[in-house]
Amino acid sequence: MYNNLNCAVMGSINMDFILKMDRVPEVHENVLGTDYGYAFGGKGANQATALKRLGANVKMLGKVADDDNGHKLIENLNNIGIDTSGICKNGSQTGLAAILIDSEGRNRIVVYEGANSEIEPEKAISNISPETDLLLVQFETNEDAVIKAVNYAVENNITTVVDCGPAKNFSLEKMQGITILSPNENETEALTGIFPIDEKSILKASKILYERSKAKYIVLKLGERGCSVWDNETLKIMPAYKSNVVDTTAAGDCFTAAMALHYMKTGNIYDACDMGNKAGSIAVSRMGAADSMPTINELENIF
């Protein structure tokens with residue numbers, strides 16, 4: 001369905017250290033864990049993986065270190081079929097995320113940016129080819145590189161989708177004319193001071209995000225409630241699909257990738273967000289980040 005689309009993803013590439021436990025410890029408390037392991041992650045790499053599994057052509061732009069984790073992460077992306085020629089390998093230390101998951105599948109994540117924060121803006125945009133249809137970025141890299149890449153894409157009429165994770169008060173005013181700006185609940189609060197708890201607060205936050213970014217669409221990811229769409233005229237809330245939640249890690253990354261691709265294919269933001277909700281519902285039913293991303297066949301067969 002999406003195999004004629006050329007996508008570039010600029011973002012983080014991390015090794016994930018996953019720690020499972022019945023509940024997350026309180027301050028000064030020790031708890032016994034139930035399992036632990038390692039997985040390939042990073043918001044950028046997760047979204048690149050999701051795009052590739054859905055059939056798109058994908059080039060990853062980012063940075064790792066010349067260390068064991070860096071080598072494993074690049075090898076994994078190559079095995080998936082992602083073009084890794086845009087990844088620099090001279091970072092200080094490959095990024096790491098420590099992910100604590102409780103018995104209900106809820107997570108707490110600590111991210112060590114490492115090489116991700118060292119991406120050089122000019123180097124990044126030099127790897128965005130004229131054939132690129134879609135640029136997808138997040139905030140898990142340095143701000144200058146994100147702003148430079150987004151503005152370059154906008155100037156060259158490339159569809160731009162900005163995932164606003166992790167939560168921080170990013171300088172949205174420095175990159176105007178984004179196609180889709182998409183924060184989750186906590187990221188929305190960091191950018192607007194408003195937690196989107198009901199329709200009134202969702203609308204208020206969406207209007208602030210529009211004024212700051214002049215994005216064509218503001219799409220808030222609302223977790224188990226689904227998502228909302230604001231086009232500077234109409235607000236629409238689209239409910240999530242029910243799922244057996246195992247691990248919510250990277251569900252938002254999966255949503256964003258599927259939404260972006262389907263928007264590129266159809267030009268319909270509501271159909272695109274519905275596809276994102278479907279993809280996210282599959283991702284939360286599986287353990288891990290990149291490993292939880294569905295294929296296009298799975299989406300078509302399940303729904």
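Start by selecting I18, which counts as buried because its relative accessibility is 9%; buried means under 20% relative accessible area, exposed over 50% and partly exposed in between, with a 1.4 Å probe and protein chains only. I18 lies in strand β2. Helices (H or I, at least four residues) and strands (E, at least two) are DSSP runs, numbered from the N terminus. This is a predicted model, in which local features need pLDDT of at least 70 and side-chain atom pairs count only at pLDDT 80 or more, while totals for chains, interfaces and linings use all residues. Residues are numbered from 1 along each chain as its sequence is written, and side-chain values use heavy atoms, with hydrogens and water left out.

Next, select helix α2, residues 68-80. Its 13 residues should span 18 Å at 1.5 Å a residue, and the end C-alpha atoms, 19 Å apart, agree with that; the expected span is 1.5 Å times one less than the number of residues. G70, L73, I74, N76 and L77 are buried in α2. Viewed down the axis of α2, the buried residues fall within an arc of 155 degrees, so they line one face of the helix; the arc is that of the directions from the helix axis to the C-beta atoms. Their cover includes β2 (14-21), β3 (33-41), α1 (43-53), β4 (57-65) and β5 (83-91), where contact means heavy atoms within 4.5 Å. Just after α2, G81 has a positive phi of about 105 degrees.

Now turn to the largest cavity, which holds about 70 Å³ of space. On a 1 Å grid over the protein atoms alone, a cavity is a set of points where a 1.4 Å probe fits but cannot get out, and a pocket is an open set with protein on both sides within 12 Å along at least five of seven lines; lining residues have an atom within 4 Å of a point. Grid points are joined across faces, edges and corners, and a volume is the space filled by probe spheres set on the points. To display the cavity lining, select M10, L61, G62, K63, G86, C88, I119, E120, K123, A124 and N127. β4 gives the most to this lining, with three residues.

Finish at the largest pocket, with about 1500 Å³ of space. Of its 47 lining residues, N107, N184, T248, A251 and G252 are the closest to its centre.
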